[in-house]
Amino acid sequence: MDIIESYGTMLVLLAAAVGFFMAYGIGANDVANAMGTSVGSKALTIKQAIIIAMIFEFAGAYLAGGEVTSTIRKGIIDAAPFADIPELMVLGMISALFAAGTWLLLASMLGWPVSTTHSIIGAIIGFALVAVGSEAIQWGKVAGIVGSWIVTPAISGFIAYLIFMSAQKLIFDTDQPLKNAKRFVPIYMGLAGFVMSLVTIKKGLKHIGINFGTVEGYALAIGFAVIIGVIGKFVIDRMKMDPQADKQMQFNNVEKVFAILMVLTACCMAFAHGSNDVANAIGPLAAVVNIVENNGEIAKKAAIAWWILPLGGFGIVAGLAILGKKVIKTIGEGITHLTPSRGFAAELAAASTVVIASGTGLPISTTQTLVGAVLGVGMARGIAALNMGVIRNIVVSWVITLPVGAALAIVIFYVLRTAFGV
């Protein structure tokens, strides 16, 4: 208790610094999920992707990042054992942010897409283990997360495979790809509008206090889908395309239509991602600020100080701008060759999986969802279309994220305890 009274301001400043560092890591690593496929399929250049992601990630983080956040991500540890020793919770959250941020920085430099959610969860488990023991950890939740390593990529890969194969059968493998594109692409646009508005309603708007019931949410999403489909039909009918052109030229024109779609899905994914994953950086930070302000009382939910959300938003944008290119390259170019139609299938599948997961309470990593979707698209073209070396590295990085986060957090936690004499 004494260190909270004596060093309160210093602890908040330290937590703010490592919170920014963690947000920087999220920007450098995780934002590639929203943008990697668009860049890999040449729908956007790296520069355009970074500018779009900056705008929409910041908007998502700042507008929809939450008035109140769970102080402990995903309820992974129980706060009760810390009630009499809140200073351990404060030092633990600081060490967790620092550890997760360090791992994300390292992974980003190597171009590995890892899960920011799993990084922070691993780090929180690590400090809790040495601070109060294993009884504080909700092992059932941890098992669910480990299970999601297989389930999430499998679901998104399967959906991506179906979307990609349907586009092949209905459009690309026909005698008149242009004519069929005009018929079917508005349906894909409507489907994308439906899924993306659902992601925004479920993941984004609830944070700003706009809560729609299930029926209202779906009705709104269907309304958006119809509007986007109608606009899509209007735009595609207006496009100047020569139906007599050779097949390759027709393919190129169809891909241009999918490229426009990809830009729209990328914007929505970036907004949903910013609103959802900024909590990985600001949840532990809000917990520290709350404990210090309440003289050591630990709350389940913490009201967020006015400066925390913009700090998280700026951190994400800085990480993306300075270090985001490597992971964008891995997702967009390293796994398999992407065209706009393949990239669209992957992104739509990833967004659909996010909707399914948030509806069923499945713990999800946007990284694993998108990588699974890109794999699904690659598999549709045969195993030879996949770069197995890159995939092996990605899978290894997923498996080691939890233990590495935990180990780093334990080391940093002991250093902080010694420094503050706790």
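The largest share of the nonpolar surface patch in this structure, three residues, comes from helix 6 (residues 139–172). Helices here are DSSP runs of H or I with at least four residues, numbered from the N terminus (strands are runs of E with at least two). The model is predicted, so local features need pLDDT of at least 70 and side-chain atom pairs count only at pLDDT 80 or more, while totals for chains, interfaces and linings use all residues. Residues are numbered from 1 along each chain as its sequence is written, and side-chain values use heavy atoms, without hydrogens and water.

**The nonpolar patch**

Six residues make up the patch: Phe158, Tyr161, Leu162, Met379, Ile383 and Met388. Patch members have over 30% relative accessible area and no salt bridge; nonpolar side chains (Val, Leu, Ile, Met, Phe, Trp, Tyr) are joined within 5 Å, like charges within 9 Å. One of the members, Ile383, sits in the loop that runs between helix 14 (366–380) and helix 15 (388–420). Ile383 counts as exposed because its relative accessibility is 54%; the cut-offs are under 20% for buried, over 50% for exposed and in between for partly exposed (1.4 Å probe, protein chains only).

**Aromatic pairs**

The structure contains 13 aromatic pairs. Rings of Phe, Tyr and Trp (its six-membered ring) pair when their centres lie within 6.5 Å; planes under 30 degrees apart are stacked, over 60 edge-to-face, and the rest tilted. Among these pairs is the one between Phe127 and Phe413, which is tilted, with 6.0 Å from centre to centre and 40° between the planes. This pair links distant parts of the chain: Phe127 belongs to helix 5 (residues 116–131) and Phe413 to helix 15, and the two are 286 residues apart. Phe127 is buried because its relative accessible area is 0%, and Phe413 counts as buried because its relative accessibility is 0%.

Another pair, formed by Phe172 and Phe258, is stacked, with 6.3 Å from centre to centre and 25° between the planes. Here too distant parts of the chain are linked, for Phe172 lies in helix 6 and Phe258 in helix 9 (residues 247–277), 86 residues apart. Phe172, at 6% relative accessibility, counts as buried, and so does Phe258, at 1%. Phe172 and Phe258 also belong to one aromatic cluster that includes Tyr188, Phe251 and Phe344.

**The salt bridge**

Side chains of opposite charge can pair when their charged atoms come close. A search of the whole structure finds one salt bridge (a side-chain nitrogen of Lys or Arg within 4 Å of a carboxyl oxygen of Asp or Glu). The partners are Lys329 and Glu333, whose closest N and O atoms are 3.7 Å apart. Both residues are in helix 12 (residues 325–334), and because they are four residues apart there, about one helical turn separates them. Glu333 is partly exposed, since its relative accessible area is 40%.

**Two individual residues**

Most residues other than glycine have a negative phi, and most peptide bonds are trans. Lys42 is not a glycine, yet its phi is positive, at about 70°. The residue lies in the loop between helix 2 and helix 3 (46–64). With 65% relative accessibility, Lys42 counts as exposed.

Leu285 is part of helix 10 (residues 279–293). Its relative accessible area is 0%, and Leu285 is therefore buried. Along the chain, Leu285 and Gly312 are 27 residues apart, while 9.8 Å separates their C-alpha atoms.

**Relative accessibility of selected residues**

| Residue | Relative accessible area | State |
|---|---|---|
| Phe127 | 0% | buried |
| Phe172 | 6% | buried |
| Phe258 | 1% | buried |
| Leu285 | 0% | buried |
| Glu333 | 40% | partly exposed |
| Ile383 | 54% | exposed |
| Lys42 | 65% | exposed |

Methods. Areas by Shrake-Rupley, 256 points an atom, 1.4 Å probe, with all protein chains shown as cover.
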